[in-house]
Amino acid sequence: MKTVEMPKMGDTMEEGKILRWMKQEGDSVTKGESLAEVETDKVNIEIEAFAGGVLRKILVPEGASAPIGAGIALIGAPDEPLPDLLTGNGSARAAATTPKETEKGATTPEAPAQKLEGLLREGTVGYSQGTPQQPGLQIAPATESFERIFISPIARRIAEEHQLDYSRVEGTGPNGRIIKMDIEAALAQRQEIPAVPLPVQVPVEETAPAIIEAGEVTEIPLTAMRRTIAKRLSQSMQTAPHFYVTSVIDTGKLADLRRQINEYAQKEPDPVKVSFNDLLVKAVALALVRMPQVNVSFAEDRLILKKQVHIGMAVALEQGLIVPVIRNADQRRILDIARESQRLAELARTGKLRPEDFSGGTFTVSNLGMFDVDSFTAVINPPESAILAVGSITPTPVVIDGQVVVRDRMKMTLSSDHRAIDGATAARFLQEVKRLLEEPFGLLV
Amino acid sequence: MRTITYRDALREAIREEMQRDERIFILGEDIAGYGGSYAVSKGLFEEFGEKRVRDTPLSEEVITGAAIGAALGGLRPILELMTINFSLLASDLLVNSAAKFHYMFGGQPEIPLVVRMPGGGGAQRGAQHSQMLESWYAHIPGLKVVMPATPYDAKGMLKSAVRDPNPVLFIEHELLYNVKGEVPDEGIEYTVPLNRGEVKREGQHVTIITFSRMLHLTLQAAEDLAKEGIQAEVIDLRSIRPLDIDLIVDSVKKTNRVVIAEEGWKYYGTGQGLAALIYEFAFDYMDAPIEHVNSADVPMPYSKVLERAALPKKSDVVNAVKAIVPQALVHG
């Protein structure tokens with residue numbers, strides 16, 4: 001018998017409320033199928049079955065809340081006996097809080113709870129509810145919302161190094177202990193999904209979804225990557241108030257500089273070709289150093305200024321997109337950036353990016369210039385607070401000294417999260433980027 | 001390289017050292033004319049005479065005390081005790097005299113004493129004569145405790161022990177004397193240090209730490225495991241004290257899993273002490289709790305069938321490894 005637990009869907013989440021059970025007791029479920037819709041402090045999400053079987057018992061009824069880690073349902077074989085504790089009436093009460101308690105919980109400050117959880121994770125404070133050998137009994141009462149996760153030291157170390165939320169990784173070791181192999185499998189899965197640690201379930205052994213042809217439509221079930229893109233970008237649009245600032249750049253000097261750099265770079269021992277995008281990455285990185293207030297994350301009760309500048313570059317893939325990260329782009333020479341971006345793009349196309357290649361970005365550049373796009377707006381890649389959308393370089397008639405002349409120009413649109421960045425800040429940042437691109441020797445000196 | 005027995009390797013080490021240094025002499029019960037209970041000293045009496053190959057009375061306390069006194073007086077005795085079980089009679093001298101004098105008397109006296117003695121069971125010697133007591137002595141600062149498992153290591157470590165200025169307990173095993181192995185020709189000088197273990201087989205899935213006779217069972221177990229795709233790294237401690245913890249930690253960093261296979265009992269023994277050190281120095285690299293393979297927690301039965309049941313077997317090592325190496329890791 002396996003216990004379905006209230007998942008942790010974000011750093012600040014303490015409990016979730018069951019909005020709707022999508023399966024009823026006695027229904028059979030397959031791994032990955034949605035079980036219930038849950039409301040958290042931020043979003044409504046669907047909980048997926050992490051194991052197949054029959055939904056034997058719903059422990060938390062619709063409308064009730066449960067702390068993260070608490071059992072909310074049991075999945076098992078059709079004839080498997082229910083644990084004794086749960087055959088009586090009090091089962092739901094054991095896991096769920098009454099609405100009154102929920103209110104009380106909601107006013108509790110978050111920080112101490114997070115601190116306590118940190119201690120639990122580090123093993124400073126041990127807590128185990130029930131008898132570990134009997135998963136059915138692992139139901140935390142509402143007052144003690146943290147359940148001990150059994151994970152081997154090396155597995156925890158690797159998970160923490162890769163910022164992987166291991167609370168939802170299924171352990172295959174004794175007592176359900178998460179072992180190194182499980183974390184490596186989860187990291188391999190995560191490679192398919194874009195940037196930053198994600199508060200979504202890491203699907204284990206997902207089989208290729210079947211394409212259903214029926215009548216006039218074709219239904220394509222979502223891949224893990226597509227689901228993640230959907231969830232994260234919806235969350236970004238819903239929680240981060242986006243605003244947009246556009247600027248037009250004269251790229252004449254930039255093109256000259258690029259040509260000169262490439263003439264030089266092709267004679268390097270290790271020849272490399274620098275793209276406009278590489279110069280953009282450098283310009284943005286330098287601008288972020290000068291304006292650290294844009295290199296920021298919004299964290300509900302505080303702003304987190306990042307001291308390092310890691311620039312993500314959106315790479316389109318057949319099945320979705322991924323954002324590999326050029327670390328410390330501000331400190332790199334342009335040729336380094338070109339080499340690194342080519343290496344990362346190649347790894348991305350061949351699906352060989354490691355988690356550290358696409359996590360930890362502090363700002364993203366999305367360039368659709370090659371698709372003959374005039375301009376566009378991009379959705380911010382959380383937990384970053386801004387993204388730069390770059391269009392094509394176009395010969396444009398402009399008036400200079402009373403004369404109409406043709407100049408190469410490019411439009412850039414900065415999307416900013418207004419919770420962290422104000423309009424004037426965004427405008428000044430874009431101005432700095434513009435200045436660096438129009439006087440591009442600033443990228444070198 | 002030629003192949004000789006563990007017994008012959010020991011004798012060669014003693015002979016070569018005695019030829020090298022006149023201060024070296026051997027003493028023990030029945031070691032002269034009879035050649036020793038396990039025939040290690042056979043022929044030495046004829047070669048070196050009774051001044052340097054001395055039969056002693058049947059009193060471990062007396063002969064250990066005499067050996068310590070000789071060491072204090074400037075000689076370099078190699079004392080043979082018939083088994084480690086009898087060393088308990090002399091343990092006060094070993095623990096309170098040999099291990100302490102250098103520390104208690106301002107570092108002035110040195111005790112360059114080697115005590116050779118076999119431990120272990122498997123030859124139907126009964127409960128009192130089949131014990132692995134190395135952890136008793138390895139607990140004591142001031143004593144070195146080594147347990148080589150191969151003829152090569154036996155010869156090289158006995159030479160190092162003889163040259164060491166400290167008391168060294170050189171623990172053999174009754175069932176090792178006939179074990180054969182490659183050893184450089186007589187007269188080719190080599191030594192093996194007293195503070196280094198050795199990786200006797202490389203692997204990436206699990207580290208099996210062992211010593212003395214269990215090394216040979218463990219290597220066989222590793223062969224069997226390899227047929228199933230599990231690559232075990234086998235570390236032979238060789239020295240119980242000082243312990244080569246760096247070698248172990250490096251291996252654990254690679255494999256993340258440890259089995260400790262020893263013939264002694266589990267509780268408060270060498271393996272448990274070792275496990276505590278591994279948890280202390282390599283905790284962050286562990287993927288599973290340490291598995292232990294030991295003798296049954298009983299006095300050794302005399303009955304052949306029961307003795308076999310009480311001693312750790314090759315299959316115990318195989319099963320311990322399988323308990324912590326996930327199938328999917330090997331086949332996945």
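**A first walk through the model**

Reply: Start with Y268(B), which is exposed, with 12 other C-beta atoms within 10 Å.

Me: Where does Y268(B) lie?

Reply: Y268(B) lies in the loop between β13 (258-261) and α10 (270-282) of chain B. Its phi is near 60 degrees, a positive value in a residue other than glycine. Most residues other than glycine have a negative phi. Helices (H or I, at least four residues) and strands (E, at least two) are DSSP runs, numbered from the N terminus.

Me: Before we go on, what kind of model is this?

Reply: This is a predicted model: local features need pLDDT of at least 70, side-chain atom pairs count only at pLDDT 80 or more, and totals for chains, interfaces and linings use all residues. Residues are numbered from 1 along each chain as its sequence is written, while chains are lettered from A and ligands numbered from 1 in the order in which they are written.

Me: OK, chain A. How many helices and strands?

Reply: Chain A has 11 helices and 20 strands. It has 445 residues, and 39% of them are buried.

Me: What share of the contacts in chain A with a separation of 6 or more is between residues 24 or more positions apart?

Reply: That share is 64%. Two residues are in contact if their C-beta atoms, placed from the backbone, lie within 7 Å.

Me: Now the two chains. How many residues of chain A are in contact with chain B?

Reply: 10 residues of chain A are in contact with 10 residues of chain B. On the chain A side, α5 (153-161) and α6 (180-190) each supply at least two residues. The largest share, four residues, comes from α5(A).

Me: And what classes of residue are on that side of chain A?

Reply: Five nonpolar, three polar and two charged residues. Ala, Val, Leu, Ile, Met, Phe, Trp, Tyr, Cys and Pro count as nonpolar, Asp, Glu, Lys and Arg as charged, and the others, Gly among them, as polar.

Me: Stay on α5(A). Which residues in α5(A) are buried?

Reply: I154(A), A155(A), R156(A), I158(A) and A159(A). What covers the buried residues of α5(A) includes α6 of chain A. Just after α5(A), Q163(A) takes a positive phi of about 50 degrees.

Me: Switching to sheets. What is the strand order in the open sheet of four strands?

Reply: The order is β1-β8-β6-β3 in chain A, with antiparallel pairing. β1 (2-5) and β3 (28-29) stand at the edges, each with a single partner strand, so one side of each is left without a neighbour in the sheet. Strands pair if DSSP finds at least two bridges between them.

Me: How many bridges join β3(A) to β6 of chain A?

Reply: Two bridges join β3(A) to β6 (residues 53-58), and these strands run antiparallel. S28(A) has V54(A) in β6(A) as its bridge partner.

Me: Next, helix packing. At what angle do α9 and α11 of chain A cross?

Reply: The axes of α9 (residues 276-290) and α11 (residues 423-438) of chain A come within 9 Å and cross at roughly 135 degrees. Axes are lines fitted to C-alpha atoms, for helices over the stretch in contact, and angles run from 0 to 180 degrees between N-to-C directions.

Me: Which residues make the contact between α9(A) and α11(A)?

Reply: From α9(A), A283(A), V284(A), L286(A), A287(A) and R290(A). From α11(A), F429(A), E432(A), V433(A), L436(A) and L437(A). By class, that contact has eight nonpolar, no polar and two charged residues.

Me: Which peptide bond from P382(A) is cis?

Reply: The bond from P382(A) to P383(A) is cis, with omega near 5 degrees. P383(A) lies in the loop between β18 (363-367) and β19 (386-400) of chain A. In chain B, the bond from R241(B) to P242(B) is cis, with omega near 5 degrees.

Me: What about D372(A): buried or exposed?

Reply: D372(A) is exposed, with 9 other C-beta atoms within 10 Å. It lies in the loop between β18 and β19 of chain A. Its phi is positive, about 55 degrees, although D372(A) is not a glycine.

Me: And A386(A), buried or exposed?

Reply: A386(A) counts as buried, with 28 C-beta neighbours inside 10 Å. A386(A) is found in strand β19 of chain A. Its C-alpha atom is separated by 8.8 Å from that of A426(A), 40 residues apart along the chain.

Technical notes. A residue is buried if 20 or more other C-beta atoms lie within 10 Å of its own, exposed if 12 or fewer, and partly exposed in between; C-beta atoms are placed from the backbone.
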